[in-house]
Amino acid sequence: MRREIREIFKGKAVTEGAGVKLRRIFGFAEPEMFDPFLMLDDFRSDNPEDFLAGFPWHPHRGIETITYVTKGDVEHGDSLGNKGVIGSGDVQWMTAGSGIIHQEMPKGDKNGSMHGFQLWANLPANDKMMNPRYRGITADQIPEVLLENGVEIKIIAGRVGDVSGPMDDIVIEPEYMDCTVPAVTEFVHPTKLGHTAMIYVVGGKGSVNGTSVENRTLILFGDGDEFAISGSDEPVRFLLLTGKPLNEPIAWRGPIVMNTQKELDIAFKEYQDGTFIKHS
């Protein structure tokens, strides 16, 4: 059963952190629609004034943040003691769990460009207070698959044929892939029934079920066991995202996502009191 288009999103320009200008594709008032995903930000810019202010130290609890950089560098550090640089083609998969405090400071490249995406994924109630963990994946650790029809796929999470991505221990069973489909070529991808599925176009032009799609367009699919996208008269590049819905209540305030308002109140009180961090 091929998935139909449920809804199309273009996102909105927002300013976050200490003054970073980006485009929020989803993450406003519709979290149940994207369950288990909460938010997707597109922070591609060729103007350093848009991003150099960065995201100084701030907390997270109850979620995972996935940062995928396609151009430039992001310096980072966290309360676990991790610090370093997320470079072009790298992924940072951070599980906040019971609580983590971190900072992300985009630096761009020598030409002043900073391109990337940050996805937030929810954690189920049973795992919201798990120990936080950080996983840095370098570009050379992300396998690339070339299909017979010329489709190129970088697999961050999920599987294509016999090739699996490095992120294989995630409760929401996600797929996260960077795909490029050649011109006038169709790509059909199988999906699990009941799982949320979407694609976010990041370059070129294509067609989904007869609807034209282009850069900065997100397609949220209805249910089904596959979806299809074709390149138009030029290739189309997109991020492929699927995951198992949690079907749980969502209580969300800023960087913290829990299941109840009481849990949110406790989290912010602990942050103010200095008892937010539970890990040693």
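Trainee: How many bridges join β7 to β8, and do they run parallel or antiparallel?
Mentor: Four bridges link β7, residues 73–78, with β8, and the two strands run antiparallel. Bear in mind that this is a predicted model.

Trainee: Which residue does His-76 face in β8?
Mentor: His-76 is opposite Gly-84 there.

Trainee: What sheet do β7 and β8 belong to?
Mentor: An open sheet of four strands, in the order β5-β10-β7-β8, with antiparallel pairing. Its edge strands are β5 (55–60) and β8 (83–86), each of which pairs on one side only.

Trainee: And how much are neighbouring strands of that sheet turned against each other?
Mentor: By 25° on average, ignoring direction.

Trainee: Now the seven-strand sheet. What's the strand order?
Mentor: The order is β2-β3-β4-β11-β6-β9-β12. This sheet is open, and its pairing is antiparallel.

Trainee: Which strands stand at the edges there?
Mentor: β2 (12–16) and β12 (133–137). Each has a single partner strand, so one side of each lacks a neighbour in the sheet.

Trainee: What does the twist average there?
Mentor: From one strand to the next it averages 20°.

Trainee: Back to β2. How many bridges does it have with β3?
Mentor: β2 pairs with β3, residues 20–26, over five bridges in the antiparallel sense. Within that pair, Ala-13 stands opposite Arg-23 in β3.

Trainee: Why flag that, or a positive phi?
Mentor: Most peptide bonds are trans, and most residues other than glycine have a negative phi.

Trainee: OK, what is the phi of Val-184?
Mentor: Val-184 has a positive phi of about 45°, and it is not a glycine. The residue lies in the loop between β17 (175–181) and β18 (186–190).

Trainee: Is Val-184 buried or exposed?
Mentor: Exposed: the relative accessible area of Val-184 is 72%, and the cut-off for exposed is over 50%.

Trainee: Then Asn-209. Where is that one?
Mentor: Asn-209 is in the loop between β19 (196–208) and β20 (211–214). Its phi is near 50°, again positive in a residue other than glycine.

Trainee: What is the relative accessible area of Asn-209?
Mentor: The value is 36%, so Asn-209 counts as partly exposed.

Notes:
Residues are numbered from 1 along each chain as its sequence is written. This is a predicted model: local features need pLDDT of at least 70, side-chain atom pairs count only at pLDDT 80 or more; totals for chains, interfaces and linings use all residues. Side-chain values use heavy atoms; hydrogens and water are left out. Two strands pair if DSSP finds at least two bridges between them. Axes are lines fitted to C-alpha atoms, for helices over the stretch in contact, and angles run from 0 to 180 degrees between N-to-C directions. Buried means under 20% relative accessible area, exposed over 50%, partly exposed in between (1.4 Å probe, protein chains only).
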